[in-house]
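User: I'm new to reading protein models. Could you walk me through one, feature by feature?

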Amino acid sequence: MTRQRILAINGWFLVIVGFLQAIMTIVGRFTGNGILKQLHDEPLGAIGMFEGFILAGLFGIVFIRAAKMTDKLRFWNLLACFIHLTLGTANMVFWTDTFVAIDAQIPGTIATILHFAFAMTEGLMILKKEKE
């Protein structure tokens, strides 16, 4: 796969999942409903999750835009790799506090695997020669 295609797929994943999770955070915090209903009584947790999900979505937009470039994409592959390493590692470190607490181990496992898969794929793109 080309660098551009990897960045675009990565970007759309972050846009869709990031913004949907941000909406679920708002719903959980202000209505006490949905998969993140525990946030109804956790305003500090809600603000951090909301910010993180919005930032993931915004980075997705950046990667979709970067995917339209034709050269010097190694930086974007590196940034994408580290973002997914951060997100996947956070999922693992806070596993019990998040996915176990809301009984979402299956979606958490899928999300974590996808983060590390994107990190590995972007890492492989870093190792490729700049021009394809």
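Analyst: Let's go from the overall layout down to a single residue. Keep in mind that this is a predicted model.

User: What do contacts say about how the chain folds back?

Analyst: Look at how far apart in sequence the partners are. Taking contacts between residues at least 6 apart, 72% join residues at least 24 apart.

User: Can we zoom in on one helix? How far does α1 reach from its first C-alpha to its last?

Analyst: Helix α1 covers residues 3-31 and reaches 41 Å, close to the 42 Å expected for its 29 residues. After the helix comes Gly-32, with a positive phi near 75°.

User: Which side of a helix faces inward?

Analyst: The general idea first: an α-helix has 3.6 residues a turn, so residues three or four places apart point the same way. In α1, the buried residues include Leu-7, Leu-14, Gly-18, Ala-22 and Thr-25. The buried residues of this helix pack against α2 (43-66), α3 (74-93) and α5 (105-127).

User: Which residues make up the largest nonpolar core?

Analyst: That core has 11 residues, among them Leu-7, Phe-13, Leu-14, Ala-56, Phe-63 and Phe-118. Two or more of its residues come from each of α1, α2 and α3. There's also a second, separate core of six residues, including Leu-36, Ala-46, Phe-99 and Ala-104.

User: Let's finish with one residue. Is Thr-25 buried or exposed?

Analyst: Buried: the cut-off is under 20% relative accessible area, and Thr-25 counts as buried because its relative accessibility is 2%. Thr-25 is found in helix α1.

User: What is Thr-25 in contact with, leaving aside its neighbours within four places in sequence?

Analyst: Its partners are Leu-36, Leu-39, Ala-46, Met-49, Phe-50 and Phe-53. Take Ala-46: this residue is 21 residues from Thr-25 along the chain, yet their C-alpha atoms are separated by 6.4 Å. Ala-46 also belongs to that second core.

Conventions. Residues are numbered from 1 along each chain as its sequence is written. This is a predicted model: local features need pLDDT of at least 70, side-chain atom pairs count only at pLDDT 80 or more; totals for chains, interfaces and linings use all residues. Side-chain values use heavy atoms; hydrogens and water are left out. Contact means heavy atoms within 4.5 Å. Helices (H or I, at least four residues) and strands (E, at least two) are DSSP runs, numbered from the N terminus. The expected span of a helix is 1.5 Å times one less than its number of residues. Buried means under 20% relative accessible area, exposed over 50%, partly exposed in between (1.4 Å probe, protein chains only). A nonpolar core is a set of buried Ala, Val, Leu, Ile, Met, Phe, Trp, Tyr and Cys residues joined through side-chain atoms within 4.5 Å.
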